[in-house]
Amino acid sequence: MIQLFQMDFPTEETKLHVCFRDQDRLDEIRRNAAENRTLPKIMDVYGEMVFPDGPSDRPYTVSSIVLSADGKMAFSDHPAGPVIAKNNYLDPSGALADFWVLNAIRAYSDGIILGARTLQEEEHNTSHIFDSDLVEQRVAVLGRTPHPVNIVVSFDATDIPLDHKIFRVDPSEGLPVAIATSPRGLEYLTDALQRPHVVVDDRDSPTAEDLQYLRRASDTLPILVTGTADKPDSDDLMALLRSSGMGQLLIESPSYTSHLINRGQLDEFFINYSMVYAGGSITPGIGFPQSHLMHPHAKLLTLATHSSSFVFTRQELHYDIDRQDDLSQLDY
């Protein structure tokens, strides 16, 4: 069994300089949020961080990513996303601050969506909270389990590396793990898994046993089954997670983030910019091109910097914006 790695995030190294806050909107969020407390360390490093309540049919969805100055999420010769931040040689502490912001969002999340490709490319990846201060404050202030549920999503589960570290963490570490897939994926996992599992497939009324496995780390692996054949249904998955008590979901899969944006179901996007130039074609949303007449918009909630080599944004997404006149014929 594997123990979870913890690391230090000194406040003096990670502290961000907030340049802009949409205070009116943030105040509105705080007034209407059931949970409106900011964890003490987050207040010291970032300032107030409160999230709205999710809708009745799905959790409130948040994504986080670090991009290069030219909008790439990885180098072509090294596709692991964290390298964009880590290889910013002008501000090494900025990479630590970028990773800390991800941990701060994890501290508020009930579940985290991970893609099978992420596990393939990052063999040591586990989406737990690395900052022990945030773990303690999450438990003491918010009354939650030490870590959010890690949910690995896949069409048919055949691309999930089942020997990955994430499936070998000691349950005493408090990291619940689940797989979300299709009926065909369940067929594959039934034969391929070398551990006990339980099937959760009722979007309307998860049983007490289902909730136990989704909320607490265990040797028994929950498999969340939706859709038909080899096509999971993301709406059903979101409804299942919401009915199981998950109010906030962090999306750490770039492709799933793009999928939710395309469906108008991503609520916020924390985009951090490491001021390096990567070039190449590894960019978010490449498989979901938008129309110039109808496309999502974002409003900044906060804008912060770390040194002069990292920019941190918190963006609220807006959909179904009334389009203006067609500008395609303008001569410029």
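Start by selecting F51: at 5% relative accessibility, F51 counts as buried. The model on screen is a predicted one.

**F51 and F270**

The rings of F51 and F270 form a tilted aromatic pair, 6.2 Å centre to centre and with 50° between the planes. F51 sits in the loop between α3 (40–45) and β2 (60–68), while F270 belongs to strand β9 (residues 268–274), so the pair ties together parts that are 219 residues apart in sequence.

**I105**

The C-alpha atoms of I105 and F51 are separated by 9.8 Å, and the two residues are 54 apart along the chain. The relative accessible area of I105 is 0%, so I105 is buried. Which residues is I105 in contact with, leaving aside its neighbours within four places in sequence? Show V62, S64, Q248, L250 and F270. F270 is thus a ring partner of F51 and a contact of I105.

**The other aromatic pairs**

The count of aromatic pairs comes to 6. For another of them, select F5 and F130, an edge-to-face pair with 6.3 Å centre to centre and 70° between the planes. This pair links distant parts of the chain, 125 residues apart: F5 is in the segment before α1 (11–14), and F130 is in the loop between α6 (116–121) and α7 (132–142). F130, with a relative accessible area of 12%, is buried.

**Helix α2**

Select residues 23–32, helix α2, and colour L26, D27 and I29, which are buried. Look down the helix axis: the buried residues of α2 fall within an arc of 160°, so they line one face of the helix. An α-helix has 3.6 residues a turn, so residues three or four places apart point the same way. Turn to the face away from the buried side, where the exposed residues D24, R31 and N32 are found. What do the buried residues of α2 pack against? Show the strands β1 (17–21), β10 (297–306) and β11 (310–318).

**Two positive phi values**

Stay with β10 and β11 and select S307, in the loop between them. Phi of S307 is near 55°, a positive value in a residue other than glycine. Next select A157, in the loop between β4 (149–153) and β5 (177–181). A157 is not a glycine either, yet has a positive phi of about 70°. The relative accessibility of A157 is 0%, so A157 counts as buried.

**The second largest pocket**

Finish at the second largest pocket, which has a volume of about 290 Å³. Which of its 22 lining residues are the closest to its centre? Select F167, R168, V169, R195 and D219. By class, the lining of this pocket is made up of 14 nonpolar, 3 polar and 5 charged residues.

Note on methods. Residues numbered from 1 in each chain as written. Predicted model: local features only at pLDDT ≥ 70, side-chain atom pairs only at ≥ 80, totals over all residues. Heavy atoms only, no water. Buried < 20%, exposed > 50% of the residue type's maximum accessible area, 1.4 Å probe, protein only. Helix = DSSP H or I, 4+ residues; strand = E, 2+ residues; numbered from the N terminus. Arc of directions from axis to C-beta. Contact = heavy atoms within 4.5 Å. 1 Å grid on protein atoms, 1.4 Å probe; cavity = no way out; pocket = protein on both sides within 12 Å on 5 of 7 lines; lining within 4 Å. Points joined across faces, edges and corners; volume = space filled by probe spheres on them. Nonpolar A, V, L, I, M, F, W, Y, C, P; charged D, E, K, R; others polar. Phe/Tyr/Trp six-rings, centres within 6.5 Å; stacked < 30°, edge-to-face > 60°.
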